[in-house]
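Open the model in your viewer and keep the selection tool at hand.

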Amino acid sequence: MNRQQLTENIKRKGTFLCVGLDTDIKKLPPCVLESGVDDPVFTFNKAIIDATAPYCMAYKPNLAFYECLGAAGWAAFDLTVRYIRENYPDQFIIADAKRGDIGNTSQMYARTFFETMDADALTVAPYMGEDSVTPFLGYEGKWVVLLALTSNKGSADFQLNTDVFGNRLFEQVLKRSLQWGAASASTDSADKMMYVVGATQGSLFKDVRKIVPDHFLLVPGVGAQGGSLEEVCRYGMNADCGLIVNSSRAIIYADSSDRFAEQARIEAQKVQSEMERLLKIKI
């Protein structure tokens, strides 16, 4: 999915919501666990997807929740991606795997998620530098979502540290990675690279936008982590929206009864309504 398609989907649907499929088998509703289905994780995901698809433009399965189940988890992840592809082809699929290793290993990760699993985007850790990231950038229509300024408390341990010139680490990541994206092909790096910026970072979005004014930002931390959607839009939205805001637990675990999917729909619709209002104000 290219940048134009992403932007058109946001404007057409009036939403930049990404539903995070952090599907923990220990938190599934009893009605799913006790139903006797062979794959309760996929069964839960399918119900959540069917309920929320009208109100979001992306899904983000977090690989940790699938890998912990071994082969069965990978099968559930694969079925989830295939189900979205076949039934909701306008949805953007982000594999939240935070990969990144030496070049030949990154090539295998890229092949896994972009060829075998057919995700649209993959979260990638920048710590090992250019040669660990560029293998992911060589796929037409696929996106690298680079960790820049995350929503967790520990982000301050390294990401806000400054060098002798006063540049914070997250600013160095943004500036240096722009060169990687531009060097990998003739297209603008904003057409293939996004950045993770946590909703809990508030006004620091202004500093991010000074460096990457046109790039999409994947924004976790709204909902259960307490990030403010309005603050994110105030400081982070650009002329094309430029935001994909993720909410996971607040939507998918909104209810544990046999009405779990309906309640997820209600919560997603609430977020979509607020996003539609903010879009009308900002773009």
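A crossing of two helices is left-handed if the near helix is turned anticlockwise from the far one by less than a right angle, and right-handed if clockwise. This is a predicted model, in which local features need pLDDT of at least 70, side-chain atom pairs count only at pLDDT 80 or more, and totals for chains, interfaces and linings use all residues. Residues are numbered from 1 along each chain as its sequence is written, and side-chain values use heavy atoms, leaving out hydrogens and water.

**Stop one: a helix pair.** Select α9 (residues 204-211) and α10 (residues 229-236). Their axes come within 8 Å and cross at roughly 35°. Axes here are lines fitted to C-alpha atoms, for helices over the stretch in contact, and angles run from 0 to 180 degrees between N-to-C directions. The crossing of α9 and α10 is right-handed. Now show Phe-205, Lys-206 and Arg-209 of α9, which touch Val-232, Tyr-235 and Gly-236 of α10 (contact means heavy atoms within 4.5 Å). Helices are DSSP runs of H or I with at least four residues, strands are runs of E with at least two, and both are numbered from the N terminus.

**Stop two: a salt bridge.** Select Asp-90 and Arg-12, whose side chains meet at 3.0 Å, N to O. A salt bridge is a side-chain nitrogen of Lys or Arg within 4 Å of a carboxyl oxygen of Asp or Glu. Asp-90 sits in the loop between α5 (71-87) and β3 (92-99), and Arg-12 in helix α1 (residues 3-13), so the pair ties together parts 78 residues apart in sequence. The structure holds 17 salt bridges.

**Last stop: another pair.** Select Arg-168 and Glu-171, a salt bridge with its closest N and O atoms 2.8 Å apart.
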